Amino acid sequence: MDLATITRFLPDEDATLQLGESWAATVMPPLVVYLQGDLGAGKTTFTRGLLRGAGYKGAVKSPTYTIVESYPLPRFTLLHHFDLYRFASPEEWQDAGLDDLFASNCLCLIEWPQQGGTFVPAADLTVMLEHDGTGRKCTLTAHTEKGKKSLETWLN
Ligand code: ADP
Ligand code: MG
């Protein structure tokens with residue numbers, strides 16, 4: 001079910017970084033976020049912006065090969081950044097023991113969640129990025145009340 005949808009045009013990489021960064025001030029775990037969009041749409045860029053906004057100073061690697069990168073943050077427990085692109089089958093979710101990472105008070109962002117099938121926990125929010133000219137169209141959709149609240153405090 002979709003409870004709210006907001007669309008933004010992001011003309012360049014900086015706009016994607018800033019959108020992610022601007023969420024850091026109000027985002028509250030636990031929250032599950034699906035990052036949807038083709039290769040190169042800006043999913044990792046958005047996560048990098050959010051991490052910067054949350055005070056993370058180090059490098060942000062794409063988790064394409066590691067499946068998940070986890071970041072301790074000053075304001076809340078952990079941010080887990082997943083990328084399931086390389087999954088050969090959804091069962092890899094279980095083989096990798098990824099459910100354990102959802103047990104605590106964490107913010108979980110998942111690129112290519114559809115690759116994990118029904119093993120992947122349901123999303124509170126979806127961030128969808130699509131090519132639009134030389135920029136990107138970003139559609140933010142809330143699926144739960146928690147997601148809707150976060151969206152409203154972030155962008156209103
Ligand atoms: P994904 O994780 O979706 O595969 P990345 O974030 O790794 O994509 O890469 C996205 C690419 O697109 C990067 O080269 C980045 O500089 C660029 N990019 C990100 N946001 C925008 C935007 N709003 N407009 C134009 N280019 C962008
Ligand atoms: Mg990526």
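In this predicted model, the axes of helix α1 (residues 13-23) and helix α4 (residues 145-155) come within 9 Å of each other and cross at roughly 110°, where axes are lines fitted to C-alpha atoms, for helices over the stretch in contact, and angles run from 0 to 180 degrees between N-to-C directions. Helix α1 is therefore roughly perpendicular to α4, a term that covers angles of 65 to 115 degrees. Helices (H or I, at least four residues) and strands (E, at least two) are DSSP runs, numbered from the N terminus. Where the two helices touch, with contact meaning heavy atoms within 4.5 Å, Leu19, Ser22 and Trp23 of α1 meet Ser150, Trp154 and Leu155 of α4.

The magnesium ion (ligand 2) is coordinated by Thr44 through OG1 and by Glu111 through OE, at 2.2 to 2.3 Å; donors are N, O and S atoms within 2.8 Å of the metal (3.2 Å for Na, K and Ca), and water is not among the atoms, so sites may look incomplete. Because threonine 44 lies in helix α2 (residues 43-53) and glutamate 111 in strand β5 (residues 106-111), the pair ties together parts that are 67 residues apart in sequence. Threonine 44 and glutamate 111 are both buried, that is, under 20% relative accessible area, whereas exposed means over 50% and partly exposed lies in between (1.4 Å probe, protein chains only).

Threonine 118, in the loop between β5 and β6 (125-132), is exposed, with a relative accessible area of 78%.

Residues are numbered from 1 along each chain as its sequence is written, and chains are lettered from A and ligands numbered from 1 in the order in which they are written. Local features need pLDDT of at least 70, side-chain atom pairs count only at pLDDT 80 or more, and totals for chains, interfaces and linings use all residues, while side-chain values use heavy atoms, with hydrogens and water left out.

Conventions: Parallel < 35°, antiparallel > 145°, perpendicular 65-115°, else oblique.
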